[in-house]
Amino acid sequence: MTNKEYGLYIHFPYCIHKCSYCDFYSIENLNSRNQFAEMLAKEIDLKLYGQDKPTIKSIFFGGGTPSLMKPHHYEKMVNAIKRNFNISENVEWTIECNPGAIDIKNLEYYKQLGANRLSFGVQSFNSDELKFLERIHNIEDIYISIDKARDCGFQNINIDLMFALPNQTIDTWANTLQKAIELNTEHISCYSLIYEEGTPLNKQYLEGKVRKTEEDTDYQMYSLADQMLTSAGFKHYEVSNYAKNSLECKHNLNYWQQGEYYAFGPSAHGYLSNQRYWNYRNNHKYFNLLENNKLPIEDSEILGIEELMLERIYLSLRASGLDFVQFQKDFGINIYNNIDNLYIDDKIIKFDANKLQLNSDGYFTSDYITLKIIESIDKQIK
């Protein structure tokens with residue numbers, strides 16, 4: 001009998017409006033939600049058919065906008081989850097919500113399901129910035145939504161914020177951070193705006209209609225977030241994430257610790273037994289395959305030793321740090337001496353014989369440090 005516990009991710013492919021910067025798969029036509037709920041339940045049944053019930057330690061309903069689904073949709077999907085999985089008593093169950101697109105009845109229903117964490121896509125407390133990002137909510141909606149969640153008993157709430165927006169200033173970012181702190185949520189995620197290939201925002205950039213934020217300003221905004229949030233009692237436990245009261249996101253920690261997770265829904269990516277798999281990024285294809293009793297997996301890849309090592313280093317440095325002892329146990333390579341000989345500014349790292357861990361400035365340069373470590377391993381292997 002195994003004690004292994006997994007994460008579970010479900011992708012909901014519906015939005016009232018798709019924002020120009022978003023690269024996640026979603027559609028604005030909501031008419032197929034009934035079919036989606038049925039097919040999602042069927043996908044779970046097909047994937048787990050004939051297997052012992054795995055234990056789930058975290059559930060994340062993402063998208064898209066999961067809060068656009070109705071209780072009768074959730075009933076079908078959650079019943080399938082409970083049929084096929086054991087849900088840990090200490091499960092962290094997150095549902096993503098958009099401010100202004102949530103009501104009390106839905107929130108009460110989420111509590112009845114067992115959800116105990118909400119994540120709101122706030123992004124900014126500046127009206128012009130919300131308009132640029134094409135968000136459907138206004139500033140008042142943010143406060144109303146958080147108040148509703150508190151009234152329903154949710155005691156673990158995250159809000160997402162974005163910085164390095166065109167025309168955003170240090171002052172408007174500082175104001176957003178201050179307003180976020182005053183909301184007194186348990187978790188805040190801060191993401192630098194990315195110009196994803198194929199998005200309307202990237203098209204605007206290529207056409208010269210918007211300008212990217214200078215790297216120095218991006219860093220100043222990143223540093224300001226770290227300064228203000230840690231001063232307010234948040235722990236900076238991953239590049240983009242801050243938590244109070246030891247309420248780090250268990251689901252995301254599982255990703256960063258190379259934990260295994262199931263994933264369902266169009267475009268969802270899962271990771272099991274060193275194999276990454278991903279579903280078709282198309283509702284029609286997703287529905288058609290499941291109606292014919294076939295899993296909607298577009299492709300998969302088995303990670304070799306080199307890929308696993310690279311991911312271990314990259315993901316570890318983004319969060320709790322690279323454990324040298326565990327690395328040698330798993331991969332047979334002692335990298336402590338090699339790293340000791342590298343020139344890495346001790347102002348951005350915490351380093352001893354057991355672990356290499358980055359501080360907040362180090363997080364900002366984690367890609368560079370990862371590259372240096374990989375180079376040192378390559379020399380050792382050769």
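**Contacts of Tyr110**

Contact here means heavy atoms within 4.5 Å. In this predicted model, and leaving aside its neighbours within four places in sequence, Tyr110 is in contact with Pro66, Ser67, Tyr74, Ile95, Cys97, Ile102, Ala115, Leu118 and Phe154.

**Basis of the model**

Local features of this predicted model need pLDDT of at least 70 and side-chain atom pairs count only at pLDDT 80 or more, whereas totals for chains, interfaces and linings use all residues. Residues are numbered from 1 along each chain as its sequence is written, and side-chain values use heavy atoms, with hydrogens and water left out.

**Nonpolar cores**

A nonpolar core is a set of buried Ala, Val, Leu, Ile, Met, Phe, Trp, Tyr and Cys residues joined through side-chain atoms within 4.5 Å; buried means under 20% relative accessible area, exposed over 50%, and partly exposed in between (1.4 Å probe, protein chains only). The largest such core has 96 residues, and Tyr110 is among those with the most contacts inside it, together with Phe61, Tyr74, Phe120, Leu161, Cys190 and Tyr262. Helix H1 gives the most to this core, with 7 residues.

A second, separate core has 10 residues, including Cys19, Cys22, Leu165 and Val210. Cys22 lies in the loop between strand S1 (5–12) and H1, and is buried, with a relative accessible area of 18%. Its C-alpha atom is separated by 7.6 Å from that of Glu196, 174 residues apart along the chain.

**Helices H2 and H3**

Helices (H or I, at least four residues) and strands (E, at least two) are DSSP runs, numbered from the N terminus. H2 (residues 71–84) and H3 (residues 104–113) pack at about 15 degrees, with their axes 12 Å apart. Axes are lines fitted to C-alpha atoms, for helices over the stretch in contact, and angles run from 0 to 180 degrees between N-to-C directions. H2 and H3 are therefore roughly parallel to each other (under 35 degrees; over 145 is roughly antiparallel, 65 to 115 roughly perpendicular, and the rest oblique).

Pro71, Tyr74, Glu75, Val78 and Lys82 of H2 meet Asn106, Tyr109, Tyr110 and Leu113 of H3.

**Helices H1 and H10**

The axes of H1 (residues 33–48) and H10 (residues 283–291) come within 10 Å and cross at roughly 55 degrees; the two helices are therefore oblique to each other. On the H1 side, the contact involves Gln35, Phe36, Met39, Leu40, Lys42, Glu43 and Leu46, and on the H10 side Tyr286, Phe287, Leu290 and Glu291.
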